[in-house]
Amino acid sequence: MAKLVYLFKEGSADRKALLGGKGANLAEMTNIGLPVPPGMTITTEACTEYYRLGRKLPEGLLDEVKSKLAVVEEQAGKKFGDLANPLLVSVRSGAMFSMPGMMDTILNLGLNEETVQSVGKNTGNLRFAYDAYRRFIQMFSDVVLEIHKYEFEEILDRQKDEQGIRYDQELTVESLRSIINKYKELVKAKTGKPFPENPFDQLAMAIEAVFRSWNNDRAIVYRNLNKIDHDLGTAVNIQSMVFGNMGNDSGTGVAFTRNPSTGENLLYGEFLTNAQGEDVVAGIRTPRPISQLEDEMPEVYADFVRIARLLETHYKNMQDIEFTIERGRLYILQTRNGKRTAQASVRIAYELAQEGLINREQALLLVEPGQLDQLLHRQIDGDAVLNVVAKGLPASPGAASGQVVFDADEAERMGKAGKTVLLVRTETTPDDIHGIVAAQGILTSRGGMTSHAAVVARGMGKPCVCGCEAIQIDYVKEELNIGATIVKKGEVVSIDGATGRVILGQVPMKDPEISAEYTALLEWADQYKRLGVKANADNPEDALKAREFGATGIGLTRTEHMFMAQDRLPYVQQMILAESLEGRQEALRHLLPMQQNDFYGILKAMEGYDVCIRLLDPPLHEFLPSVEDLLVETTTLKITGENPALLEEKLHLLKKVRGLHEFNPMLGHRGCRLGISFPEIYEMQIQAIFNAAAALTREGCKVLPEVEIPLVMDVNEMKFFRERVTTIAKETMDREGVTFHYSVGLMIELPRAAMLADELAEFSDFFTFGTNDLTQTTFGFSRDDAEGKFLPDYLDNKILKDNPFITLDRKGVGRLMRMAVESARKVKPEIEFGICGEHGGEPNSVRFCHEIGLNFVSCSPYRVPLARLAAAQAAISDGEVVGTR
């Protein structure tokens with residue numbers, strides 16, 4: 001079997017897939033000479049083998065661990081389980097991609113009733129030894145024995161109450177001894193077995209528990225949220241313990257080489273004296289700013305500043321560093337690319353390039369495209385009068401208002417019901433991940449800027465205020481107290497993650513301000529991308545917004561949205577209900593100037609750019625009342641006997657609606673099939689487009705209308721419509737005495753169209769893929785039914801890796817797209833290809849569009865910047881992972 005365990009000195013930063021991100025970075029730091037406590041990494045392959053074997057440790061794994069442990073003992077000058085000078089270790093997870101807090105960690109492993117006495121004797125501090133032992137029992141029991149930690153917390157709180165103290169570090173030796181005894185009694189009562197004393201048994205059980213944690217609920221939710229492969233597995237890092245709780249010359253902390261909220265180039269972080277690492281990240285105590293370390297331990301601080309800059313220069317990225325100080329000596333426990341807000345991500349990428357640490361291509365790869373979307377959302381209006389009732393730490397910028405909820409499960413339920421919620425907790429834990437996903441923002445009463453809530457919220461782009469000690473939460477009454485103010489569950493509270501303010505009630509918002517760094521980064525992106533980026537827009541306002549965000553055309557204008565407007569719906573219904581051609585034409589005569597005005601506004605807004613206008617696509621019954629509504633109305637009118645004329649009108653409408661009913665309207669009488677049955681409808685729309693184009697041309701505007709035919713399946717359909725478009729265009733230009741450029745194309749939404757693209761190309765100037773419908777027709781899914789009923793089962797059971805309506809299905813839909821591009825360009829090399837479904841703004845799908853040689857993607861206006869960056873990354877990344885993840 002392949003090697004399953006590597007000493008830190010045997011690894012390197014480029015082996016993250018095998019050693020996990022944490023293990024690879026520990027190896028890299030060891031090899032560049034940083035003060036890293038010695039240790040080893042069990043590979044991700046061992047984890048995948050553990051699951052392949054039905055959750056059994058691979059044969060020979062523990063023998064390898066023992067062999068490597070002997071080397072670690074020699075490096076540390078201590079021996080695991082030794083009564084004279086025992087080595088204690090931490091056991092931590094470490095996946096390829098950072099998953100902060102999602103999997104499990106055990107510290108102080110190797111302590112038992114004998115070694116704890118040795119640690120106390122060797123350090124001259126029995127209180128420290130007992131404190132480490134009680135932490136170990138609680139953590140091991142929670143992670144390995146699956147006894148919930150709150151049961152241990154209750155014992156701890158009772159003991160503190162008896163001693164009359166507030167903080168853990170105030171516990172006496174006698175109190176700690178009592179807590180340890182009670183912890184062990186709890187373990188025996190819960191498991192029927194005594195707490196394990198043998199250090200190597202502890203280690204074996206801990207390794208298996210970390211492997212198990214790869215598939216705990218919160219880890220699965222996090223991977224789904226961040227598109228991380230469920231088959232990667234986690235590494236396990238076994239590292240010599242160093243202690244930050246050995247007195248006031250010891251401590252622990254977390255720091256970023258730059259501010260993760262703003263991107264400012266200043267060391268940013270927190271530390272606690274006489275504490276262990278989980279005290280910082282768990283929010284158990286509110287830590288102090290890293291700058292104050294300079295006053296307490298100036299030499300240590302200077303050393304840390306030097307190492308922080310060295311790590312940033314080495315990794316060419318902002319670093320998130322965990323450190324411990326043991327009796328005045330600094331140790332680096334971990335470094336990784338730091339999670340950061342969207343604002344910080346853009347600023348850091350730009351400034352690292354300006355400082356010459358990276359080039360522009362590398363800077364573009366540092367920003368995840370989805371982060372740009374966060375920068376375009378609204379903030380609190382600075383002119384608003386606010387009822388600020390408390391202030392905490394500004395942990396993640398942005399603003400949110402929502403109904404207060406105190407439970408993650410309830411937040412998820414209310415979120416699914418369409419309500420906006422604000423999750424309020426004393427502190428969050430990784431088990432709250434589903435509630436954080438559902439909430440608009442997070443507010444906690446404890447914890448610092450590097451607590452779990454802060455890190456996870458920043459990664460999601462959600463506003464968060466932490467450590468707001470002014471709020472007191474009563475979980476039983478489901479209310480929070482802020483001085484004399486009581487806020488009950490369901491009442492609205494707002495937070496400002498940029499300032500830490502907590503505000504009663506809903507707050508007014510304003511549009512965001514775009515930074516110079518953001519603008520520069522997107523200008524760099526435009527220099528590298530090969531895909532054009534257009535927008536989907538159905539009105540002049542959206543078209544102008546798209547131009548503002550950098551769109552170079554409109555890839556899709558949906559004319560059915562215009563038909564739904566209240567001023568024209570009566571004429572649309574009149575057209576549908578007409579019994580003759582003359583009746584339909586009378587209704588269309590009213591609709592023509594309305595449609596012309598629509599197209600005039602959009603073409604003018606996008607002067608000089610292509611505007612692709614799709615002719616009417618949905619089935620006609622969508623413009624009429626539903627059968628159910630009409631049945632209720634007619635039944636009521638029959639029973640009451642009121643207004644017989646209205647009853648007759650409603651009965652006629654009901655008959656027509658029933659006549660238009662289809663068993664599967666998605667595959668029925670819609671798209672260009674309407675234009676075949678009722679050519680006068682499409683002719684009215686085509687005439688409206690060219691009338692608008694002619695009017696603008698006379699005004700001196702350069703317009704580039706594109707007429708798009710939806711749901712084409714055969715070349716004869718395209719020939720039929722091409723002839724009509726050409727005729728109407730010529731007649732309009734002759735009549736108006738102007739000349740303008742136009743083009744005709746089709747939307748590929750059916751597999752047959754993709755397979756016959758070479759034939760269709762003869763009568764088309766361009767193709768766009770309507771990947772929403774193409775996905776439906778390729779999979780045989782009705783999107784609304786699939787997503788609401790059975791698609792989650794396919795994702796949960798890993799039958800499908802991704803939701804194909806969110807991330808483009810490369811194997812099926814993508815293969816049809818590739819086939820269409822290749823076959824059409826063989827007969828017409830200059831033909832243009834684009835995509836205008838929702839996939840046009842999804843980074844992975846944009847990458848695929850680049851790979852198969854499309855000319856452009858089109859997406860909603862607010863996703864245009866995202867698509868611009870994703871297109872640039874596709875051009876320069878050569879398949880590598882982008883962003884800070």
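How many of the 6 residues of strand β30 (residues 743-748) are buried?

**View 1. The whole predicted model.** This is a predicted model: local features need pLDDT of at least 70, side-chain atom pairs count only at pLDDT 80 or more, and totals for chains, interfaces and linings use all residues. Residues are numbered from 1 along each chain as its sequence is written, and side-chain values use heavy atoms, without hydrogens and water. The protein holds 35 helices and 33 strands (DSSP runs numbered from the N terminus; helices are H or I, at least four residues, strands E, at least two). Its C-alpha trace spans about 100 × 70 × 55 Å along the principal axes. Of the 885 residues, 56% are buried (under 20% relative accessible area, 1.4 Å probe, protein chains only). Take contacts between residues at least 6 apart in sequence: 69% join residues at least 24 apart (contact means heavy atoms within 4.5 Å).

**View 2. Strand β30, enclosed.** 6 of the 6 residues of β30 are buried, so the strand is largely enclosed by the rest of the structure.

**View 3. The two faces of β30.** In a regular strand, side chains alternate between the two faces of the sheet. Ser743, Gly745 and Met747 lie on one side of β30. Val744, Leu746 and Ile748 lie on the other. Both faces are covered, and these residues are all buried.

**View 4. β29 beside β30.** Strand β29 (residues 704-709) runs parallel to β30, joined by 4 bridges (strands pair if DSSP finds at least two bridges between them). Val707 stands opposite Val744 of β30.

Key: Buried < 20%, exposed > 50% of the residue type's maximum accessible area, 1.4 Å probe, protein only.
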